[in-house]
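The sequence and structure are shown first, and the description follows.

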Amino acid sequence: MVEIIAFLNKISNLTEEEEEDYLQDEIDPLLDSVAPSPCLSTSSTSLPYRRRPRLSALPCPSASPCSVTRPVIMTDLLALPDDALVRVLALLPPRELFRLRLVCRRLRDLSLHPDVWRSVGLSGGDKGLLQAALRLAPCLREVTLLSSYLQAAACTIANTKCVVTNLTLFVRTQLDAAWATAIVLRFSTLGGLREISLDLLGAAPEALPPLLRMVYGVQDLCELTVWILSDTSQLPSFLWSDMEPRPSLTKLKYKGAASDPFLCFLLRTHASTLQHVVLFLADGLPTSLLGSMPRLHSLTCRPTDDLSQLKSLSNLDTLRLMDPEVQDVPCPGTVDFLLQGPRLRHVVFSFEPNCPILGAALLEALAQSPSAPVLESLFLDGVQDSLVAPSLHRFPSLRALALELDAMPSDDFFRAVSPASTPRLATLQLVPHGCPHAWLHDPAVQDVLARNAGLHLRLSGPPTLEDDCACRWCLWRCHRDELRTHAGLQSAFSAHTRRPGCPRDCRRWL
């Protein structure tokens, strides 16, 4: 794509004669050397491969009738076979695709190829573009509609044949809920709807039953996200009791109340297929429903004593405990779950602000649990590094460790990261404080890379370099230009050159 843009820029200032000379001398030999490729053409006649005739100067679609037309050279682009041209068109913005349809019949048809639109996501903010896509495009990857755009979008969607894979709706009023219901109905009728996200944080409970009933009945839905703050515990259960959708959900994210009847029906209906569950509930966990999920592999929730009732989830291998408002007190139920629960391979503790008491209790329980010998990744936010250093040797299988700290990790922590205590550690992710360039030159950072031959260091953030940074490393311009490249500070820094098994962005730092 970059080469095509450079080519167009180069020939834009050429005269017609210079342009023909350039195409004859520079491009024709390249085209002659390319072997013919099979096309997706609908023609039934088999003809020898030959270059399509050049298009003459065409007026720019955006030019006014009174303006001087600019030549649009499509010679080499149209020389591509259909399958290659579709790949090029898929890189263009949606608005440019509609303009390209005016050039010729072939581009008109290929611009609406499903593979061109399969990865496109649009929102209601660009009203005209979304309406055009819903009327013409065969499919879209994602459509996001805020509350203020629901009515206009619903009128367009009523007659659309565009299949949408991921639908995100923001509902605030009763009228919004009615429009959202009509939108979900239309897209589910077309088929292909696999993900739905509903933001209902400001909606009244009495406005939600029709919408929730419609979402509950969508067939073959794989992922569902519902954020709701209204008290829906009083909604009658007969709203969903007469419906029998077949189990299909594999991932569910829900923020609300454990006593919410809609949540209970979702968990009960899709118990046999759910693999990833994210619950931010104000009143505990629906443990009886979670405990009956044979395929549940990942659970995200707040620290709660109810976790002690889920020790029988033998297939659970990922646990994320997250709460931005958690109290810094021990949680006996969660500690008991870690000590006697399933063998976890991936664990996340994320608390704000720092919770030394809760963090120490959970980390110690994890270090003494059956999960310790098999734990592969550990992410800690709100847990002090002074608590992590003494426990590292208890996780011999640990391959990835991430710490979100408010200050530079202590020397004790860096010394604890060694081949003896963490023999399989391949990725260490830390937050740089101050200039990330100077942080990478810190002796403790360079020492931990030198002592761990297979370690890759990543910076959280993403970090950025300031133009007016006054640290000595930036003033010396050491690595400065290198760190400003596309990968830059997001690389995996190591003490070795890239080798088999390393990340693709592995970069030797020492």
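A residue is called buried when its relative accessible area is under 20%, exposed when it is over 50%, and partly exposed in between (1.4 Å probe, protein chains only). The model is predicted, so local features need pLDDT of at least 70 and side-chain atom pairs count only at pLDDT 80 or more, while totals for chains, interfaces and linings use all residues. Residues are numbered from 1 along each chain as its sequence is written, and side-chain values use heavy atoms, with hydrogens and water left out.

**Aromatic pairs**

Nine aromatic pairs are present in the structure; rings of Phe, Tyr and Trp (its six-membered ring) pair if their centres lie within 6.5 Å, with planes under 30 degrees apart counted as stacked, over 60 as edge-to-face and the rest as tilted. Two of these pairs are tabulated below.

| Pair | Centre distance | Plane angle | Class |
|---|---|---|---|
| Tyr216 and Phe265 | 6.2 Å | 85 degrees | edge-to-face |
| Phe413 and Phe414 | 5.9 Å | 65 degrees | edge-to-face |

Because Tyr216 belongs to helix α11 (residues 209-216) and Phe265 to helix α13 (residues 261-269), their pair ties together parts 49 residues apart in sequence. Helices (H or I, at least four residues) are DSSP runs numbered from the N terminus. Both Tyr216 and Phe265 are buried. Ring pairs also link these two residues with Tyr254 and Phe262 into a cluster. Over the ring of Phe265 sits the charged end of Arg268, 5.7 Å from the ring centre; this requires NZ of Lys or CZ of Arg within 6 Å of the centre and within 35 degrees of the ring normal.

Phe413 is buried at a relative accessible area of 0%, and Phe414 is likewise buried at 3%.

**Cavities**

A cavity is a set of points on a 1 Å grid over the protein atoms alone where a 1.4 Å probe fits but cannot get out; lining residues have an atom within 4 Å of a point. Grid points are joined across faces, edges and corners, and a volume is the space filled by probe spheres set on the points. Two cavities of 30 Å³ or more are counted.

The largest cavity holds about 70 Å³. Its lining includes Gly124, Tyr149 and Thr156. Helices α8 (127-136) and α9 (150-157) each supply at least two lining residues, and α8 gives the largest share, four residues.

The second largest cavity holds about 40 Å³. Among its lining residues are Tyr216, Leu249 and His270.

Terms used: 1 Å grid on protein atoms, 1.4 Å probe; cavity = no way out; pocket = protein on both sides within 12 Å on 5 of 7 lines; lining within 4 Å.
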